[in-house]
Amino acid sequence: MKKQMIVITALVVSISTLGVAKPNMEKTPEGVQKLAKMAGDMSPYYRVKKEDFPKDYFLVSQNLPFLVGTALFHPNSDTLNLSKAQLEKLIEMKKTVVPVSAKMAKEVKAMELELAKAVVIDRKDPKMQKGLVEKIAEAKEKMTMAHLDCIHTVQNLLSKEQFEILLKLASHK
């Protein structure tokens, strides 16, 4: 009886995984650790429990999709049925775009922490921080424009049908 249950359980598990979608790529612990190390310590004033680095440092950080990551790592991203060429282009984008974004985000974070220290700890006049605030805004604008370019590149890389699927995956619906 025990053997039959084991065999039945194994069959159910095998059959249930046949139609399950998979990500096009798996995140590696090394990649996650590398970004976490680059992010550095969190601000003591951060409003959420876990920082989403580098995404939190874009000017528009929550209302635009991050499509390269979704196309590669979403648990159902294989439903996009990407060609080898499309997949290679997305992987190349990940290798070039993410490091640049992370570097820029690190710079923005450092400026934000400098601003917090100046106003909160050192009690400097907020009006005297205008130049630093403008530098932060300029850097965030630059990051967001690069993000918009990335979205546009992905739009042009995928078919209309693939892009619609990708938006559904990115929308968390």
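Proline 54 sits in the loop between α2 and α3 (67–73), and in this predicted model a cis peptide bond joins it to phenylalanine 53, with omega at about 5 degrees. Most peptide bonds are trans, and most residues other than glycine have a negative phi.

**Backbone in the loops**

- Asparagine 81 belongs to the loop between α3 and α4, and its phi is near 50 degrees, a positive value in a residue other than glycine.
- Asparagine 81 is also exposed, because its relative accessible area of 60% is over the 50% cut-off.
- Further along, arginine 123 is found in the loop between α4 and α5, where its phi is near 55 degrees, again positive in a residue other than glycine.
- Arginine 123 counts as exposed too, at 73% relative accessibility.

**Helix packing around α4**

- Helix α4 (residues 84–121) packs with helix α5 (residues 130–157) at an angle of about 170 degrees, and their axes are 10 Å apart.
- Angles over 145 degrees count as roughly antiparallel, so α4 is roughly antiparallel to α5.
- The crossing of these two helices, α4 and α5, is left-handed.
- Sorted by class, the residues in the contact of α4 with α5 are 16 nonpolar, three polar and six charged.
- Helix α2 (residues 29–39) packs with α4 as well, at an angle of about 30 degrees and with the axes 9 Å apart.
- Since angles under 35 degrees count as roughly parallel, α2 and α4 are therefore roughly parallel to each other.
- For α2 and α4, the crossing is right-handed.

**Aromatic rings**

- Two aromatic pairs are present in the structure.
- In one of them, the ring centres of phenylalanine 58 and phenylalanine 66 are 5.4 Å apart and the planes are at 70 degrees, so the pair is edge-to-face.
- Phenylalanine 58 is buried, with a relative accessible area of 5%.

**A histidine in α5**

- Histidine 147 is placed in helix α5, the helix that packs against α4.
- Histidine 147 counts as buried, at 6% relative accessibility.
- From there, the side chain of histidine 147 reaches the backbone oxygen of proline 65 at 2.8 Å.

Note on methods. Residues numbered from 1 in each chain as written. Predicted model: local features only at pLDDT ≥ 70, side-chain atom pairs only at ≥ 80, totals over all residues. Heavy atoms only, no water. Phe/Tyr/Trp six-rings, centres within 6.5 Å; stacked < 30°, edge-to-face > 60°. Buried < 20%, exposed > 50% of the residue type's maximum accessible area, 1.4 Å probe, protein only. Axes fitted to C-alpha atoms, helices over the stretch in contact; angles between N-to-C directions. Helix = DSSP H or I, 4+ residues; strand = E, 2+ residues; numbered from the N terminus. Parallel < 35°, antiparallel > 145°, perpendicular 65-115°, else oblique. Left-handed = near helix turned anticlockwise from the far one by under 90°. Nonpolar A, V, L, I, M, F, W, Y, C, P; charged D, E, K, R; others polar. Polar contact = N/O pair within 3.5 Å; in protein donor to acceptor, adjacent residues only side chain to side chain.
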